[in-house]
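The sequence and the structure are shown first.

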Amino acid sequence: MTSSSRLAGRALVAASGGFEANIDWLKEGWGGIAENFLIRGTPYNRGSLLRRLIGKGMKQIGDPTQCHAVAIDARAPKFDGGIITRLDCVVFGIVVNRDCERFYNEGEDIWPKRYAIWGRLVAAQPGQIAYILFDARALKLFMPSLFPPITGATIEELAGKLGLDPARLRATVDGFNAAVQPGTFDDKILDGCHTEGLSPPKTNWARRIEQAPFYAYPVRPGITFTYLGVEVDDEARVRLAQGGRAENIWAAGEIMAGNVLGRGYAAGIGMTIGSVFGRIAGEGASIHASR
């Protein structure tokens with residue numbers, strides 16, 4: 001015979017992440033298109049504790065549609081694809097939707113400042129899918145994905161393999177090539193290599209796509225973590241919806257990301273939130289529990 005006992009904690013540090021793996025919750029903000037999202041991490045990060053805290057009167061903060069969302073290989077699994085399905089080649093080519101239309105400036109800024117906008121951009125496209133196209137010169141300039149790029153000896157052949165209209169893709173590539181201005185390409189800086197008379201423009205790293213073979217990756221929105229969370233004070237203690245703060249509940253990491261992140265993302269902020277607020281919350285909880 002075994003016996004059990006209940007041990008009551010004196011303090012709680014909530015650090016269980018967001019709700020990115022909860023597709024039904026994502027659909028509350030995004031609608032049905034969330035079915036086409038891929039989740040970069042575990043399928044178990046469903047926001048159960050976050051929902052419980054909010055339901056028990058903790059104050060929420062953030063927009064349920066805001067999140068860290070990157071463009072990842074569309075061939076990745078629904079969950080747990082991880083960093084090896086992320087694609088860092090946007091700046092070296094062009095990105096088109098399934099209608100063969102470009103929809104954003106691929107050279108707006110250096111990649112660590114802009115890589116996490118591409119998931120939302122792709123989410124806004126028909127079918128929540130897009131294609132990154134580049135030529136042979138760019139193949140070794142970025143970290144490759146787990147999956148090899150799709151290859152074609154011509155733009156038309158590549159279009160066929162992607163299920164795109166060959167004539168429309170050729171027209172988009174030709175229009176881009178004609179708009180590229182002379183410049184000195186340098187992938188380490190904002191090199192100013194740009195297009196003129198093209199909408200949307202490409203303002204850096206614009207080179208003609210002309211050296212065969214040609215390559216493409218299909219991409220979908222890859223959700224890393226969500227920003228909706230519980231509000232905290234400067235001691236990382238959770239605030240109450242009715243005013244004041246919880247006596248013995250702290251929060252750290254993605255479950256309180258909305259206190260720091262409203263829109264957008266820059267590389268490393270997620271880990272910073274976890275480490276900085278983790279230390280603050282841990283210290284506060286331990287002092288409270290030792291009284």
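## Contacts of Glu 20

Leaving aside residues up to four places away in sequence, Glu 20 touches Leu 26, Ile 39, Asn 45, Ile 223, Thr 224, Phe 225, Thr 226 and Glu 254, where contact means heavy atoms within 4.5 Å. Glu 20 is placed in the loop between β1 (12–14) and α1 (23–30); helices (H or I, at least four residues) and strands (E, at least two) are DSSP runs, numbered from the N terminus.

Glu 20 is buried and yet has no salt bridge. Buried means under 20% relative accessible area, exposed over 50%, and partly exposed in between (1.4 Å probe, protein chains only). A salt bridge requires a side-chain nitrogen of Lys or Arg within 4 Å of a carboxyl oxygen of Asp or Glu. The nearest side chain of opposite charge to Glu 20 is that of Arg 40, 10 Å away; Lys and Arg count as positive and Asp and Glu as negative, while His and the chain ends are not counted. The side chain of Glu 20 does make a polar contact of 2.7 Å with the side chain of Asn 45. A polar contact is a pair of N or O atoms within 3.5 Å; within protein, one must be able to donate a hydrogen and the other to accept it, and residues adjacent in sequence count only if both atoms are side-chain atoms.

## Basis and overall make-up

This is a predicted model, in which local features need pLDDT of at least 70 and side-chain atom pairs count only at pLDDT 80 or more, whereas totals for chains, interfaces and linings use all residues. Residues are numbered from 1 along each chain as its sequence is written, and side-chain values use heavy atoms, with hydrogens and water left out.

The chain contains seven helices and 11 strands. Of its 291 residues, 47% are buried. Along the principal axes, the C-alpha atoms fill a box of roughly 70 × 45 × 35 Å. Among contacts with a separation of 6 or more, 74% join residues 24 or more positions apart.

Gly 229 is located in strand β9 (residues 229–230) and counts as buried because its relative accessibility is 0%.

Ser 145 belongs to the loop between β6 (130–135) and β7 (150–152). Its relative accessibility is 10%, so Ser 145 counts as buried. The side chains of Ser 145 and Asp 73 are joined by a polar contact of 3.4 Å, and a polar atom of the Ser 145 side chain lies 3.5 Å from the backbone oxygen of Ile 84. Residues touched by Ser 145, beyond four places in sequence, include Thr 85, Arg 86, Leu 87 and Tyr 217.

## Salt bridges

Side chains of opposite charge can pair when their charged atoms come close. The structure holds 18 salt bridges. One of them joins the side chains of Glu 101 and Arg 168 (3.8 Å, N to O). Glu 101 lies in the loop between β5 (94–97) and α3 (111–114) and Arg 168 in helix α6 (residues 166–179), so this pair ties together parts that are 67 residues apart in sequence. Glu 101 is partly exposed at 39% relative accessibility, as is Arg 168 at 42%.

Asp 233 and Arg 245 also meet through their side chains in a salt bridge (2.8 Å, N to O). Because Asp 233 lies in the loop between β9 and β10 (237–239) and Arg 245 in strand β11 (residues 245–251), the pair ties together parts that are 12 residues apart in sequence. Asp 233 is buried at 9% relative accessibility, whereas Arg 245 is partly exposed at 38%. Salt bridges with shared partners link Lys 59, Glu 231 and Arg 239 into one network.

## Pocket and cavities

The largest pocket holds about 310 Å³ of space. Its lining comprises 18 residues, of which Arg 40, His 68, Thr 224, Phe 225 and Glu 254 lie nearest its centre. The elements giving two or more residues to this lining are β8 (214–226) and α7 (269–289). On a 1 Å grid over the protein atoms alone, a pocket is an open set of points with protein on both sides within 12 Å along at least five of seven lines, a cavity is a set where a 1.4 Å probe fits but cannot get out, and lining residues have an atom within 4 Å of a point. Grid points are joined across faces, edges and corners, and a volume is the space filled by probe spheres set on the points.

There are two cavities of 30 Å³ or more by this rule. The largest cavity has a volume of about 80 Å³, and its lining includes Phe 92, Asp 135, Phe 185, Trp 205 and Arg 207.
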